[in-house]
Amino acid sequence: LVIFSDLTAKKEVQRRIERAERLATLGELMAGVAHEVRNPLTAISGFVQILKDSEQDPQRLEYTQIILKEVHSINRVIQQLLDFARPRPGLYQKIYLNHIINETLVLIKTKGVEARIDFDVILDHSLDAIDADGEMLKQVLLNLLINAVQSISARGQITISTQAVGQDKQMIKIQDDGCGISDDIK
């Protein structure tokens, strides 16, 4: 007499439990790292702010602005890691796509970027407010625009447009003339 027992489902459940435990540990590790990185960043930001307030030289003022901007950028990355580790609930509210795009462009348009990239912004001003998570949309747009900027090696153009699509849909289109994504990465 031979009895066979299929353990496939049992092993799959065990594998998922182990993976969930590893992800929970990784989340705790990220929270610890974020805390350890944020403390020195806060000190750097505070001291640079003091230097900025007492500085008269325009070029040094510009440097302090760049340092503060980059510190905020590092803080955003840390926040993204924390959000990935423990996602926050969506904060849906009435937002205007054009307003979100303009706020995102302020973040992406640095002097260095504007010196080599022309931004062509074509916004449909008849768009109504929509229910969405504005901060998450801004993050998505920022990631797309950073990718577009990075795909342009020398000089180029990025076109951003919005338009209504039917009664209840709105569209954002971002187009660049960069190198594109190679087929093996796609």
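Biologist: Which helix gives the most to the lining of the largest pocket?

Modeller: In this predicted model, H2 does, with 10 residues. The general idea comes from a probe: rolling one the size of a water molecule over the atoms shows where empty space is left. Here the largest pocket holds about 610 Å³ of space.

Biologist: Which helices each supply at least two residues of that lining?

Modeller: They are H2 (58–85), H3 (97–108), H4 (111–116) and H5 (134–151). The lining of the largest pocket has 23 residues, and Lys69, Glu70, Leu107, Ile108 and Thr110 lie nearest the centre.

Biologist: How do the residues of the lining divide into nonpolar, polar and charged?

Modeller: Nine are nonpolar, eight polar and six charged.

Biologist: Now a single residue. Is Thr162 buried or exposed?

Modeller: Buried means under 20% relative accessible area. Thr162 has 6%, so Thr162 is buried. Thr162 is found in strand E4, residues 156–165.

Biologist: What does the side chain of Thr162 reach?

Modeller: The side chain reaches the backbone nitrogen of Asp124 at 2.9 Å. Leaving aside neighbours within four places in sequence, Thr162 is in contact with residues including Ile101, Leu123, Leu127 and Met171.

Biologist: How many Å does helix H1 reach from its first C-alpha to its last?

Modeller: The expected span of a helix is 1.5 Å times one less than its number of residues. H1, residues 8–54, has 47 residues and reaches 68 Å, close to the expected 69 Å.

Biologist: Which residues of H1 are buried?

Modeller: Gly27, Met30, Ala34, Leu41, Ser45 and Val48 are the buried residues of H1.

Key:
Residues are numbered from 1 along each chain as its sequence is written. This is a predicted model: local features need pLDDT of at least 70, side-chain atom pairs count only at pLDDT 80 or more; totals for chains, interfaces and linings use all residues. Side-chain values use heavy atoms; hydrogens and water are left out. On a 1 Å grid over the protein atoms alone, a cavity is a set of points where a 1.4 Å probe fits but cannot get out, and a pocket is an open set with protein on both sides within 12 Å along at least five of seven lines; lining residues have an atom within 4 Å of a point. Grid points are joined across faces, edges and corners, and a volume is the space filled by probe spheres set on the points. Helices (H or I, at least four residues) and strands (E, at least two) are DSSP runs, numbered from the N terminus. Ala, Val, Leu, Ile, Met, Phe, Trp, Tyr, Cys and Pro count as nonpolar, Asp, Glu, Lys and Arg as charged, and the others, Gly among them, as polar. Buried means under 20% relative accessible area, exposed over 50%, partly exposed in between (1.4 Å probe, protein chains only). A polar contact is a pair of N or O atoms within 3.5 Å; within protein, one must be able to donate a hydrogen and the other to accept it, and residues adjacent in sequence count only if both atoms are side-chain atoms. Contact means heavy atoms within 4.5 Å.
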